[in-house]
Amino acid sequence: MNFRLVTYNIHKGIGGVDRRYQPERIVEVLQHYKPDIALLQEVDDGVKRSSHHCQVDLFAEALEMPHRGYQRNVRVRQGHYGNATLSRFPIAETVEIDLSMRLKKKRGALLTVMRVEHEHHLRSLVIANAHLGLAGFERKWQLRQLLAHDEIAHRHAATPLVLAGDFNDIYATLGPKVLGPLGYAPAGRTVRTFPARLPLRPLDRVFYRGALASTHAFAGHFQTARDASDHLPLVVDFQFLDE
């Protein structure tokens, strides 16, 4: 069985250049790439700048993705923003993991366990949707905290598991240093996703382990994707392997 995952920092639905709030552009981008699982970061809930929308519901309903989870990371004057996971597959479990470091902006990872039918039986698929910090030492600490969480550390090695999101990893060093020795593979080569108009940095990443193979990975470059956010979406096609 194959499925498509998209990780996308949507910048609250505010364009990276024109600074206009147009959530319909985010919807258009996601509809264009047709993900089975969408991992979104910087998703607003009840914030004035985004018309007080509950964006996780707005996007899930527009995309007809019935299963969703939301993690409020940062409180603003009115409302919050954080990580959202939308799925066509049923979500059996949702865990909010706090990755905040003292004196730094609050950060987190939203972990979901999905039930996916493969070869006439249900398989668990574990997805961590993370938004890491801006400092190198902060990102390493956060990633190690995430990897040490019971829901990840105690999973069987063959369980399909994906770590993805906005890693803010400017030089693409987290994978080789932290994830590679633990058996995680990057989805595709380093894909540049930021800034959207002229991508120079591979801030958005997808890593995986277990009975999975990545068959294709690319950044979405069509015009609306360049306008809708300050990041491009990272699109990854996966295939389940027999255990």
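**Reading a fold, feature by feature**

Modeller: Start at a proline. Pro 195 sits in the loop that runs between β9 (185–186) and β10 (204–209). A cis peptide bond joins Phe 194 to Pro 195, with omega at about -10 degrees.

Colleague: What kind of model is this, and how are residues numbered?

Modeller: This is a predicted model, where local features need pLDDT of at least 70, side-chain atom pairs count only at pLDDT 80 or more, and totals for chains, interfaces and linings use all residues. Residues are numbered from 1 along each chain as its sequence is written, and side-chain values use heavy atoms, with hydrogens and water left out.

Colleague: How many helices and strands does the protein have?

Modeller: Both come from DSSP runs, numbered from the N terminus: helices are H or I over at least four residues, strands are E over at least two. Here there are 6 helices and 12 strands. The radius of gyration is taken over C-alpha atoms; the globule rule is 2.2 Å times the number of residues to the power 0.38. The protein comes out at 17 Å, close to the 18 Å that the rule gives for 243 residues, so it is as compact as a globular protein of that length. Along the principal axes, its C-alpha atoms fill a box of roughly 45 × 40 × 30 Å.

Colleague: What share of the residues counts as buried?

Modeller: Buried means under 20% relative accessible area, exposed over 50%, and partly exposed in between (1.4 Å probe, protein chains only). Of the 243 residues, 57% count as buried. Now take contacts, meaning heavy atoms within 4.5 Å. Among those with a separation of 6 or more, 68% come from residues 24 or more positions apart.

Colleague: Which residues of helix α1 are buried, and what covers them?

Modeller: Helix α1 covers residues 23–33. Its buried residues are Pro 23, Arg 25, Ile 26, Val 27, Val 29, Leu 30 and Tyr 33. Their cover includes the strands β1 (2–9), β2 (37–45), β11 (212–219) and β12 (234–240). It also includes the helices α2 (55–63) and α6 (223–228). Just after α1, Lys 34 takes a positive phi of about 50 degrees.

Colleague: Where else is phi positive in a residue that is not a glycine?

Modeller: Compare two cases. Glu 42 has a positive phi of about 60 degrees. Its place is in strand β2, and Glu 42 counts as buried at 13% relative accessibility. Leu 103 has phi near 75 degrees. Leu 103 is in the loop between β5 (91–98) and β6 (108–118), where it is exposed, with a relative accessible area of 78%.

Colleague: Is Gln 71 buried or exposed?

Modeller: Gln 71 belongs to strand β3 (residues 67–75). Gln 71 is buried, at a relative accessible area of 2%. Leaving out residues up to four places away in sequence, Gln 71 touches Tyr 81, Gly 82, Asn 83, Glu 96, Ile 97, Gly 108, Ala 109 and Leu 110.

Colleague: How many aromatic pairs does the structure hold?

Modeller: A pair of aromatic rings is described by the distance of the centres and the angle of the planes. Rings of Phe, Tyr and Trp (its six-membered ring) pair if their centres lie within 6.5 Å; planes under 30 degrees apart count as stacked, over 60 as edge-to-face and the rest as tilted. The whole structure has 7 such pairs. One of them, Phe 3 with Phe 240, is tilted: 5.4 Å centre to centre, with 45 degrees between the planes. Phe 3 lies in strand β1 and Phe 240 in strand β12, so the pair ties together parts that are 237 residues apart in sequence. Both residues are buried. Ring pairs link Phe 3, Phe 89, Tyr 208, Phe 238 and Phe 240 into a cluster.
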